Amino acid sequence: MAASRRVTRAVGDVLDLAPRRGEVSLHRLVEAVSADRGRPIEIKMADLPEGVCGQWRQYTDRDEFLIQQGLPTWERTLAHELGHLVLGHEGIAVADMARMSSEVAGDDLISYMLNQRTGCMGPGGEDIEQEAEDFAALLIYRLGRMPSDRSSIVQVRLGEAFG
Ligand SMILES: [Zn+2]
């Protein structure tokens with residue numbers, strides 16, 4: 001499925017933020033987006049509920065991308081979460097999550113909320129999930145086609161990205 005113009009533009013905007021020199025990795029792009037917004041983005045490996053690949057948490061002063069520990073497709077998930085952010089989707093507001101878990105304490109409801117923001121949804125998910133997937137696919141594709149000395153998407157080691 002071809003990405004929409006909105007997604008194509010968002011990917012272009014992110015790549016425009018890439019450092020002009022040196023290698024361009026997904027991690028560097030996340031840093032560039034963070035600098036552009038003037039708001040920190042932290043990337044963390046986490047033990048997320050089963051079936052959840054990634055999660056975008058919005059704190060008052062920063063954003064956090066949580067990536068499922070040991071996920072072989074973590075780059076795709078990271079790109080997916082970045083897509084949600086730059087496309088203006090809503091992440092999980094952490095205050096709301098705490099309120100829901102204490103007041104409602106419904107595991108089903110919480111897992112529903114978490115699943116709304118995973119990178120594991122297949123085709124036919126919500127529109128915004130499809131949009132984030134399209135973003136991730138296009139971003140990774142275009143990163144992979146950058147001149148080899150500038151693209152490190154395949155070379156970057158987990159320890160460098162998440163250390
Ligand atoms: Zn998602």
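Let's start with Arg-39 and Asp-63, whose side chains form a salt bridge at 2.7 Å, N to O; the term covers a side-chain nitrogen of Lys or Arg within 4 Å of a carboxyl oxygen of Asp or Glu. Arg-39 sits in the loop between H2 and strand E1 (41-46) and Asp-63 in strand E3 (residues 63-68), so the pair ties together parts 24 residues apart in sequence. Helices (H or I, at least four residues) and strands (E, at least two) are DSSP runs, numbered from the N terminus.

A word on the source: this is a predicted model, where local features need pLDDT of at least 70 and side-chain atom pairs count only at pLDDT 80 or more, while totals for chains, interfaces and linings use all residues. Residues are numbered from 1 along each chain as its sequence is written, and side-chain values use heavy atoms, with hydrogens and water left out.

Asp-63 is buried, at 0% relative accessibility; buried means under 20% relative accessible area, exposed over 50%, partly exposed in between (1.4 Å probe, protein chains only).

Asp-61 is partly exposed at 48%, whereas Glu-64 is buried at 3%. Across the whole structure, the search finds 9 salt bridges.

Last stop, helix H3, residues 74-86. Here 10 of the 13 residues are buried, so H3 is largely enclosed by the rest of the structure. Among them are Trp-74, His-80 and Leu-85. Just after H3, Gly-88 takes a positive phi of about 80°.

Notes: The expected span of a helix is 1.5 Å times one less than its number of residues.
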